[in-house]
Structure formats: C-alpha cells, structure tokens
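Hi there,

Here is the structure I promised to pass on to you. Please open it next to this email, and then read on for what turned up.

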Amino acid sequence: MEDSEKTNQIVVLLIGPPGSGKSTFSDTVMRSSLRPWSRICQDIINNGEAGTKAQCLKMALSSLKEGNSVFIDRCNLDREQRSEFVKLGGPGIEVHAVVLELPAQVCISRSVKRTGHEGNLQGGRAAAVVNRMLQSKELPKVNEGFSRVMFCYNDADVEIAVNTYIKLGPMDTLPSGCFGEKKSDTKSQPGIMKFFKKASDIIVEKAEEFLPKVGTARLVLVDLSHGSKILSLVKAKASQKNIDSARFFTFVGDITKLRSEGGLHCNVIANATNWRLKPGGGGVNAAIFKAAGPDLETATRVRANTLLPGKAVVVPLPSTCPLHNAEGITHVIHVLGPNMNPNRPDNLNNDYTKGCKTLREAYTSLFEGFLSVVQDQSKFPKRSNQTALSDSGENIKEDSERNKKYKGSQDNAVTNNMESGSLEDTRDSGKKMSKEWSTWALALHTIAMHPERHENIVLEFSDNIVVINDQYPKARKHVLVLARQESLDGLEDVRKENFQLLQEMHNVGLKWVDRFQNEDASLIFRLGYHSVPSMRQLHLHVISQDFDSDSLKNKKHWNSFTSSFFRDSVDVLEEVKSQGKANVASEDLLKGELRCNRCRSAHPNIPKLKSHVRSCRSQFPEHVLQNSRLVARPET
C-alpha cells in the first residue's frame with residue numbers, strides 16, 4: 001500500500017471476567033467503526049469450538065498482515081496470559097488494554113442469566129468460574145508494554161470507551177498512557193484527595209485573576225474523561241464565584257484534537273510536561289509531543305532544556321508542525337507542576353503545603369505565558385488573537401490561507417482580540433453562549449458589505465448579492481453567492497422576510513450554472529447552503545458534482561457537500577415560504593462515512609473515494625434527482 005493509505009493498526013486486549021461485556025464491546029465497535037477490525041475469540045476459534053491461546057495468536061498475526069486492527073476477546077486477567085499478545089506490537093502497531101472492571105456481582109449475574117453463550121459458560125457453573133478467575137486477577141500496567149490502558153468501572157465508562165474506538169478512523173491514533181484508573185486506598189490517599197480539592201481552588205483563583213488581563217480571550221480546562229473529578233470541582237467552584245461561563249469553562253476531549261473532534265478552536269495549549277522537557281511517559285505530555293511531531297521537540301530545545309516545578313516556558317510552533325496545520329495550535333506552553341513521584345527530582349514527600357504553593361506558582365507561570373502570547377499577537381493586526389485554552393472560530397490552515405486571498409478582508413475585520421458574531425454555541429454546561437468569529441471567518445462579511453474594495457476577486461455584485469469564486473474550490477466549478485444583508489450570518493438567521501433575497505440568490509446561481517454549462521455541457525450542479533457555516537455571512541454554494549479538486553482533502557470537506565448537512569436551495573426556499581425558517585442539520589453528519597455521491601458506496605479514505613468518483617457512472621440517488629435539486633443541461 002502507498003504510505004497515504006496505510007492504517008495505524010491497533011491490538012486491543014479486552015480484559016475482564018466472563019460477563020463483563022467483552023464480546024458486546026467488540027461487536028458494538030465493529031458494527032459502527034470505519035476502521036477494519038477483526039475479533040479473536042478463544043471460545044469459538046477452533047471451528048466454532050473453544051480453542052487455544054496459540055490459535056488466537058496465529059489468527060491475530062494473520063489479521064494484522066491483512067491490515068486489520070484486532071480485538072483479543074479472552075479474559076486476559078493476569079500478566080502472563082497477556083504477555084504474548086503484547087509482543088504483537090511493533091512499528092505501526094500499538095497495543096491497548098481496555099479493562100472492564102465491573103462489579104463482580106454484575107458479571108456473575110449476567111453470566112448466570114445468559115443463554116446461547118459462545119463458550120457455553122452460563123447458568124450455575126458460571127458463578128463459580130467468575131469467582132475463581134477474579135481471585136487471581138492482576139490489573140494491567142503500561143509498563144507491561146501497552147501504549148494505552150483504559151479502565152471502565154460501570155456501563156457509562158464502557159459506553160465512553162466504545163465510542164472512543166468507534167470514532168477512531170483508519171489513520172487515527174489515541175493518546176498514550178493510563179486513563180480512568182481508580183487508585184486503591186493508601187496512607188497517602190487522604191492527603192492526595194485534600195490536595196486534589198485544593199488544586200481546584202487554585203485553578204479557579206488563578207483563572208479569576210487573569211481573565212481581566214487577557215482581553216476577550218477564553219480559558220478552557222480540558223480533561224479526557226467525563227468522570228473527571230477535577231472538572232466537576234472546578235466547574236462548581238467557578239459557578240459559585242460567578243465567573244463568566246463564556247470566558248472560563250470545562251471541556252471533555254482530547255487536547256490534541258480540540259478543533260477536529262471537539263469543535264473548539266484554540267491556538268495555545270498547556271502541556272503538563274516532565275522536568276527534562278522531553279517526549280515520553282504517559283498522558284498529556286506523550287500525546288502532545290506525538291501529535292506535534294519532532295518540530296515541537298526542536299522548538300522546545302531553543303527555549304529551554306529543563307524546567308523546575310512551578311515554572312512554565314512558552315514554545316511557538318513552526319507552520320510545518322502537524323498541530324499547527326491540523327488543529328491551528330500556534331503555541332505550546334510547557335508547565336511543570338508539583339512532583340509526587342519519589343523517583344524524580346524535587347519530590348514533595350507528602351508535603352502538600354509545599355505542593356499547593358508549587359501548583360499556584362505553576363498556574364501563575366502558565367497564565368503569564370499565555371498573557372504574553374495574547375499581548376504579542378495584539379501588536380500584529382493581521383493575526384487573529386485566538387487563545388489557548390480559548391475558542392475563537394474555524395481557524396484551520398486552509399482557511400487562514402484563504403483569508404490572504406480575500407485581500408483587505410483582515411485589515412477591515414480585525415479587532416484587538418476577537419469579533420463577535422450572532423451564532424450560538426454550547427459547551428458541556430448545556431448553557432448557550434455567543435460564538436465569536438475569528439478574523440478569517442469575517443472575510444466574506446467584509447466582501448459582501450464592501451464589494452467595490454475587492455474588484456480583483458468579485459465576479460459580479462448588485463444591491464443584494466455578491467458573487468465570488470470559492471478560493472479553495474471543492475470541484476471544477478465552485479462559486480459563492482453572498483447575501484449583502486446585515487445580520488444574516490447563516491441559514492439559522494433566515495426568516496420569511498428574507499424569501500425574496502433567497503430567491504434572487506438562487507436565480508443568480510442558476511445564471512452562473514448556465515454560463516458554466518455553455519462552456520462544458522457535461523457539468524452537473526447543485527445549489528445549496530451548509531447547515532452551519534464556517535464563515536460569517538449567508539452564502540449559497542454553486543458547485544459542480546465532479547468534486548475534482550486538490551482542495552477537497554478530508555472527510556469534513558466531502559460530507560459538507562454530499563450529506564444532508566448540505567441544504568439544497570430549492571428545499572430552503574420551500575421551507576422558508578411555508579414555515580418561515582429553514583431546517584438545519586447537525587454537524588455530526590460531517591463525521592459520517594465517506595460515501596460516493598452517486599452510488600453511495602463506502603470508502604476508507606479520500607484518495608480511494610476520489611479514485612472511485614472519477615470513474616463512477618451510476619445514477620444519482622433518488623432523493624437528489626427529485627425537486628430539481630440537480631441542475632443538468634438537457635440532452636439534445
């Protein structure tokens with residue numbers, strides 16, 4: 001396979017006694033995942049009968065050679081049983097453990113009640129087997145050779161883990177480290193818990209102190225787990241202090257994929273680093289260094305070689321860095337908190353008073369570093385002051401470059417920090433808060449309001465509309481018809497009084513279709529709107545259905561024009577006329593399968609999809625053929 005089509009393979013050891021839900025876990029993921037998986041189950045591996053560990057290893061190797069990722073569906077309750085499967089890891093193959101640590105009584109109850117079990121372990125015999133297995137249980141550790149260990153203690157945890165693997169595309173990876181483990185009680189546990197609660201006070205205290213200093217920037221506390229104690233504590237204490245939840249809030253997600261997976265648009269992230277400022281270890285440090293690639297390590301070395309507890313160092317990322325390109329991250333702030341590991345320098349040795357002091361210094365250093373980034377960026381009006389830990393719009397590399405092509409847009413749109421739009425957004429609090437448009441996202445608004453200043457890119461304009469080429473076209477022909485009316489940021493803002501404007505936009509779009517088809521009669525078009533726009537100002541897409549473009553690069557691009565996220569202009573007109581507004585679809589549709597816009601066949605990646613689309617001559621789906629949604633030149 002070409003490098004662009006290789007899959008980052010994973011071996012997932014499902015660890016748990018009978019009745020813990022291992023088979024259900026793997027089956028659920030395999031039904032919905034875009035990644036190719038194989039399930040290796042020892043209960044049925046021998047022609048439908050129970051087999052051996054050696055047979056499981058042989059089948060796992062065969063599945064990996066075929067390019068599949070693998071679920072090892074056996075109990076795997078002790079280190080010795082796991083060791084041979086861990087050795088399956090290597091270049092391009094990670095080994096994960098998902099520990100289904102459900103209460104024993106739950107596992108026993110399920111095992112006793114079930115019927116038709118693949119291994120025939122059911123009824124009264126099941127309870128004795130589960131009890132015996134649990135007596136010799138040995139929970140996995142990262143140092144066994146796992147790159148990731150994830151613990152599930154209840155059905156909610158299991159659901160989170162299942163969704164984590166369902167969303168994992170063929171080329172995606174997950175952060176390394178141990179996640180969700182509940183440590184057993186020790187003598188130091190009461191002190192740690194006291195320190196934990198104090199930590200939330202310090203975080204809220206420092207956020208409250210620095211928010212007035214960072215303009216309109218926003219601070220976000222991110223954790224990977226929905227069950228995070230620190231998130232719930234911080235959220236409650238911030239609410240008690242009446243801190244603006246639009247300026248400081250918590251978020252559950254992967255800090256290295258905040259834009260692509262979480263819809264948060266940050267340009268500075270904090271890294272809980274180690275004193276050597278090196279990749280490795282587990283958790284967030286390993287994940288950030290891995291996502292950023294060697295550029296981050298090189299840039300870090302320019303700034304510092306070591307770090308003391310309570311200190312932070314700001315590291316600008318070069319434009320070549322994957323985190324910069326893919327997620328819009330311009331800076332990483334390495335920060336070193338108090339050390340509770342006796343094998344590392346500056347150990348607290350259970351001195352939690354000293355620990356609180358160090359933690360306070362760490363957050364002070366972190367926010368001072370962040371403030372310096374905000375202040376530096378405010379000196380350069382052609383760069384948007386998005387924030388680290390701050391959400392400011394759809395800032396991806398392509399759209400940043402697009403803004404450069406819309407000459408003059410930034411200078412007219414930029415403010416000291418961020419400009420507000422009218423779109424509403426939500427966070428984990430469930431409350432609404434105004435979404436702020438980043439500078440690049442205001443470019444269309446600026447062009448629509450002042451087309452005379454952009455003669456080099458405007459194709460035509462009138463009192464009500466402006467027509468321009470999409471600067472990153474997703475097909476051979478792709479133009480935008482912009483509305484020139486204020487307060488129409490997107491489809492959600494459209495009401496019955498805007499019907500005539502929508503009709504004019506549609507008619508202008510058809511005129512351009514006719515012009516393009518006079519040049520090439522084979523071109524077929526659709527006219528429509530994105531349910532949720534990435535740029536401010538209502539605009540109609542007029543796009544040919546060949547999708548032959550180097551600018552069409554990812555799943556979001558494809559699904560935004562081929563799923564029901566794309567609202568056909570004729571349907572919008574009917575809805576606005578009959579019900580006074582247009583229906584909009586969920587952004588979740590952008591994460592759906594890659595399917596051909598004609599025959600609807602599924603494809604694993606964009607290169608293979610494009611190759612298929614170039615040769616597919618199937619008829620378009622029935623719903624697209626109805627109601628004049630497709631505009632084709634009549635055959636003569």
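Below are my notes, going from the whole chain to single residues.

First, the ground rules. This is a predicted model, where local features need pLDDT of at least 70 and side-chain atom pairs count only at pLDDT 80 or more, while totals for chains, interfaces and linings use all residues. Residues are numbered from 1 along each chain as its sequence is written, and side-chain values use heavy atoms, with hydrogens and water left out.

**The chain as a whole**

The protein chain comes to 20 helices and 22 strands. These elements are DSSP runs numbered from the N terminus: helices are H or I with at least four residues, and strands are E with at least two. Of the 636 residues in the protein chain, 52% are buried. Buried here means under 20% relative accessible area, with exposed over 50% and partly exposed in between, using a 1.4 Å probe and protein chains only. Contacts (heavy atoms within 4.5 Å) are counted between residues at least 6 apart in sequence, and 69% of those join residues at least 24 apart.

**The open sheet and its helices**

An open sheet of 6 strands runs in the order E2-E3-E1-E4-E5-E6, with parallel pairing. Strand E2 (37-41) and strand E6 (177-179) are at the edges with a single partner strand each, so one side of each has no neighbour in the sheet. On average, neighbouring strands of this sheet are turned by 15 degrees against each other, direction ignored. Two strands count as paired if DSSP finds at least two bridges between them. Strand E1 (residues 9-15) and strand E3 (residues 69-73), for instance, are parallel and share 4 bridges, and Leu14 stands opposite Asp73 in E3.

Helix H6 (residues 155-166) lies across E1, E2, strand E4 (93-100) and strand E5 (148-152), at about 145 degrees to E5. For such values, axes are lines fitted to C-alpha atoms, for helices over the stretch in contact, and angles run from 0 to 180 degrees between N-to-C directions.

**Two helix pairs**

Helix H2 (residues 53-65) packs on helix H3 (residues 79-86) at an angle of about 25 degrees, with the axes 10 Å apart. That makes H2 roughly parallel to H3. On the H2 side the contact is made by Lys53, Cys56 and Leu57, and on the H3 side by Glu80, Gln81, Glu84 and Phe85.

Helix H9 (283-292) and helix H10 (residues 294-303) have axes that come within 5 Å and cross at roughly 105 degrees. H9 and H10 are therefore roughly perpendicular to each other. Ile288, Phe289 and Ala292 of H9 meet Pro294, Asp295, Leu296, Glu297 and Thr300 of H10.

**The cores and strand E11**

A nonpolar core is a set of buried Ala, Val, Leu, Ile, Met, Phe, Trp, Tyr and Cys residues joined through side-chain atoms within 4.5 Å. The largest one has 32 residues, and Ile203, Leu219, Val234, Phe248, Tyr363, Leu366 and Phe370 touch the most other members. Two or more residues each come from helix H7 (189-210), strand E7 (219-223), helix H8 (229-240), E9, strand E11 (331-335) and helix H12 (352-378). H12 gives the most, with 10 residues. A second, separate core of 28 residues includes Val513, Val542, Ala582 and Val631.

E11 is worth a look: 5 of its 5 residues are buried. His331, Ile333 and Val335 cover one side of the strand, with Val332 and His334 on the other. E11 pairs in the parallel sense with E9 over 5 bridges, where Asn271 has His334 as its bridge partner. Strand E10 (residues 312-316) runs antiparallel to E11, also joined by 5 bridges, and Val315 stands opposite Val332.

**Two backbone points**

Most residues other than glycine have a negative phi. Which residues have a positive value instead? Leu277 has phi near 55 degrees and sits in the loop between strand E9 (268-272) and H9. Gln537 has phi near 115 degrees and lies in the loop between strand E17 (524-530) and strand E18 (539-544). Leu277 is buried, at a relative accessible area of 0%, and Gln537 is buried with a value of 0%.

Best wishes

Terms used
Parallel < 35°, antiparallel > 145°, perpendicular 65-115°, else oblique.
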